Amino acid sequence: MGKFNFDDIANRRNSYSYKWNIKENDIPMFVADMDYHVFPLIKEEIQKRSEIDSYGYIYTPKEYFEAYQGWLDRHHHVKVDTSWMVYSTGVIAALCSIMKHVIPEHSGIILLTPVYHTFSRVIEGYGHKVVSCKLRKVDVCYYIDFEKLESLLKDDSNKVFLLCNPHNPIGRIWTKDELKRLLDLCNKYHKLFISDEIHIDIVDPGYECTSMLSLDNNVITLLSASKAFNLAGLKSACVIVKNEELRNKIKDGMMIDNVGAPNYFAPIATIAAYNHGDEWLAELNEYLSTNKEYMKNFVEKEIPLVKIIHGHGTYLIWLDISYYDKDSTRFANRLREEAGIIVNEGKIFGDGGEGHIRVNIATSLSNIKEACNRLKLFFHKY
Ligand SMILES: Cc1ncc(COP(=O)(O)O)c(C=O)c1O
């Protein structure tokens with residue numbers, strides 16, 4: 001056992017937890033949020049700061065941006081100037097401002113689907129159009145259809161390419177070659193490239209996810225410690241873009257939308273995570289990969305007609321359940337009612353998502369074992 005105990009999960013019932021606001025015996029494996037106790041220094045820093053018992057407005061300290069800078073340098077081998085960074089109350093908050101203030105009205109926004117469902121909601125909510133470049137699935141692997149992508153990029157009405165790097169929900173870590181190809185194509189057709197890298201630090205041991213920042217500093221890169229360190233409730237993220245004119249446009253939009261000022265506890269939590277959380281994260285990634293392997297082996301052996309897509313990034317598993325049911329909503333509802341397991345139905349992730357479910361494995365191994373046993377019984381009588 002390592003220094004940190006991931007078997008002992010936090011009891012988040014009755015704490016307004018979105019994930020744990022469920023029936024007594026249900027196992028929540030939906031929203032992308034982890035069950036572990038936070039990296040201890042984060043808790044200490046928050047406790048210490050809460051002692052100053054007047055929680056008024058704060059500014060974003062330079063240490064917040066320096067923490068991103070140090071982390072990107074150590075973990076992603078990229079040198080980023082802190083002046084390229086803008087604080088945001090979340091990745092999606094920043095994306096909304098970009099949709100509203102930066103992108104020309106009624107633009108086509110290209111997505112590699114199936115992809116994180118909120119993207120479509122935001123794109124359509126701001127009057128743009130989702131343009132799906134469906135990933136090509138070969139057995140249990142997904143590939144980018146570059147020919148299709150190029151044909152979509154040629155279309156003048158499509159102005160933006162929005163990447164999820166690594167990819168939610170399939171967990172795919174894009175190779176450097178794939179990322180370079182994407183970048184070259186976007187540059188060739190003068191498209192704005194946005195890379196959502198919120199999951200970038202959740203990778204299986206021995207794997208690395210390349211940040212677009214290491215390939216091009218003018219990609220709008222969206223980062224946050226909120227997935228790797230489970231800080232989503234603190235509402236903080238960072239937009240990084242080198243081009244000053246573009247950055248100022250984003251910054252001004254975020255100011256109008258009032259999403260550029262920090263929560264009282266967000267900067268100190270991120271600073272503790274990024275400056276001191278390397279060892280904790282390494283152990284977390286070990287633990288998550290054990291959970292993934294357990295589920296993969298179990299599904300392959302016990303429920304072989306379900307195809308398990310086990311990427312090496314994110315703590316999300318993608319299951320092809322189409323042999324049993326092509327309607328993922330019906331399937332997920334029955335899974336919740338009859339087996340007490342709550343997952344996301346694949347349909348919400350757009351083109352290519354139907355017939356699949358997304359399963360969050362960021363919980364204790366004992367919960368994973370219990371969930372696997374319930375899945376086996378459930379599938380066998382489906
Ligand atoms: C790819 C991706 N981007 C963004 C978010 C949400 O980020 P935030 O809470 O910072 O808005 C999530 C949450 O699951 C996600 O998976």
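Ala, Val, Leu, Ile, Met, Phe, Trp, Tyr, Cys and Pro count here as nonpolar, Asp, Glu, Lys and Arg as charged, and the others, Gly among them, as polar. The structure on display is a predicted model, in which local features need pLDDT of at least 70, side-chain atom pairs count only at pLDDT 80 or more, and totals for chains, interfaces and linings use all residues. Residues are numbered from 1 along each chain as its sequence is written.

**The ligand.** The shell holds 14 residues, and the closest are Ala 32, Gly 90, Val 91, Ile 92 and Tyr 116. By class, the shell comprises nine nonpolar residues, four polar and one charged. Its largest share, three residues, comes from helix α3 (residues 91–101); helices (H or I, at least four residues) and strands (E, at least two) are DSSP runs, numbered from the N terminus.

**The two domains.** Next, colour domain 1 (27–33 + 278–380) and domain 2 (48–276) separately; such bounds come from an automatic or database domain assignment. Their centres, taken over C-alpha atoms, are 25 Å apart. In the contact between them, 27 residues of domain 1 meet 29 residues of domain 2, two residues being in contact if their C-beta atoms, placed from the backbone, lie within 7 Å. On the side of domain 1 that touches domain 2, α9 (278–302), β11 (307–309) and β12 (316–320) each give two or more residues. The largest share of that side, five residues, is from α9.

**Strand β9.** Select residues 220–223. Strands pair if DSSP finds at least two bridges between them. Strand β8 (residues 192–196) runs parallel to β9, joined by three bridges, and Asp 196 has Leu 222 as its bridge partner. Strand β10 (residues 237–240) pairs with β9 in the antiparallel sense, also over three bridges; there Thr 221 stands opposite Ile 240.

**Beyond helix α7.** Finally, select Asn 263, in the loop between α7 and α8 (266–276). Is Asn 263 buried, exposed or partly exposed? Asn 263 is partly exposed, because 15 other C-beta atoms lie within 10 Å. Not counting residues up to four places away in sequence, Asn 263 touches Leu 234, Lys 235 and Ser 236.

Definitions and conventions: Buried ≥ 20, exposed ≤ 12 C-beta atoms within 10 Å, placed from the backbone. Near = placed C-beta within 6 Å.
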